[in-house]
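Please read these notes with the sequence and the model side by side. They are meant for someone new to reading structures.

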Amino acid sequence: MEYSFRTLKVNITGESHSERMDISMEGFPQDIVIDREKLQLFMDRRHGDGSYLAEVCGTGRKEPDLVVWDETEGPEIRAHIDNRDVRSTDYDKLRTVLRPGHSDLGSYLKYGEIKPGGGAFSGRMTAGICVAGGIAKQLLEEKGIGVDAYILSIGAMPCIFMEEDEEEEFLERIEAVREEGDSLGGIVGCRISGYPGGIGGPGMDGIEGDLARAMLAIPSAKGVEFGSGFEGAYSTGSVNNDEYFIRDGRIVSRSNKQGGISGGISTGMDISLNVAFKPVPSIACEQRTVDVALMQETTVSVGGRHDVCIVPRVLPVVEAMAALVMYDRLISE
């Protein structure tokens, strides 16, 4: 699976249930120094931040995501991650049964098969993206550019400005969904700060298009908005426009409804975007489906080890994708 940006290329081979995933990265400067300890801490965030929220939302599959470096000098950086907690037997009864909400139907129509755990379509593959994106994030930080993702909501429950009693009710709701064998989606916000203005271009050359394409390449991502986004569509121009003024010889805006991008070009204001993630499709609730081998309608209940909600663990993935896009645009202009 190749992720092609303008200058950077990231190729990931292997699958969710293979022995390992190999990651090759091209386009990074050959003289970069990778802080391996810092990168491993970034990788560890895919397991959550150690909070009860991450624990209650997370999966029973525990992968350490230890990065093994194969080559860090020259035009190509290579690394791999071993899959150490694979249990493919969980999928023995699902090899010909379409799981609703998954990539199974598309995979079957194009490749004629359904892979255990989703194969290359699995969220497990984002571990490889986090290796490359973690490097890009370090290189941006050296230039004073920050990329930070945060939880806006899980299900219909906002996660910002939450009072202590609301937090308890919030966690109880997630526990209840787990016990019901169901799942939740959510919205992740991302802020890119310190990015210079004047990067990007009109039409298909715009930064928004690059960011949206990258975000929608994350498994389960279903929507992307910038600045005021869909809310701005219900507003008026007088409310949604960003008025300008001069501060210390620099043009800045009084608000940031455009999300730091004007005409596909960065303005120097914080770039802000939100990404919507669908509920985890692997649920224990019985659902109607089709057995493709028999071409008969049937029902399915997906067992195994799955997240109730991927939102807490997808934060570094959003940061990784954003960092790759923004660093790539910086070195490609």
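1. Basis. This is a predicted model, in which local features need pLDDT of at least 70 and side-chain atom pairs count only at pLDDT 80 or more, while totals for chains, interfaces and linings use all residues. Residues are numbered from 1 along each chain as its sequence is written, and side-chain values use heavy atoms, with hydrogens and water left out.

2. Helix α9. Helices (H or I, at least four residues) and strands (E, at least two) are DSSP runs, numbered from the N terminus. Helix α9 has 22 residues and reaches 31 Å from its first C-alpha to its last, close to the 32 Å expected at 1.5 Å a residue; the expected span is 1.5 Å times one less than the number of residues. Of these 22 residues, 19 are buried, so α9 is largely enclosed by the rest of the structure. Here buried means under 20% relative accessible area, exposed means over 50%, and partly exposed lies in between (1.4 Å probe, protein chains only).

3. The aromatic pair. Rings of Phe, Tyr and Trp (its six-membered ring) pair if their centres lie within 6.5 Å; planes under 30 degrees apart count as stacked, over 60 as edge-to-face and the rest as tilted. The count is one aromatic pair. F28 and Y327 form this stacked pair, at 6.1 Å centre to centre with 25 degrees between the planes. F28 is in the loop between β3 and α1 and Y327 in helix α9, 299 residues apart. F28 is buried at 6% relative accessible area, and Y327 is buried at 4%.

4. Salt bridges. A salt bridge is a side-chain nitrogen of Lys or Arg within 4 Å of a carboxyl oxygen of Asp or Glu. The count is 18. One of them joins R6 to D210, with the closest N and O atoms 2.9 Å apart. R6 lies in the loop between β1 and β2 and D210 in helix α6, so this pair ties together parts 204 residues apart in sequence. R6 is partly exposed, at 38% relative accessibility. A network of salt bridges links R6, D205, D210, R329 and E333.

5. Two buried bridges. E319 bridges to K137 at 3.7 Å between the closest N and O atoms. E319 sits in helix α9 and K137 in helix α4, 182 residues apart, and both are buried.

6. E225. E225 lies in strand β9. A polar atom of its side chain lies 2.9 Å from the backbone nitrogen of F230.

7. S107. This residue is in helix α3 and is buried, at 7% relative accessible area. Contact means heavy atoms within 4.5 Å. Not counting residues up to four places away in sequence, S107 touches G112, E113 and F121. A polar atom of the S107 side chain lies 3.0 Å from the backbone oxygen of E113.

Terms used:
Polar contact = N/O pair within 3.5 Å; in protein donor to acceptor, adjacent residues only side chain to side chain.
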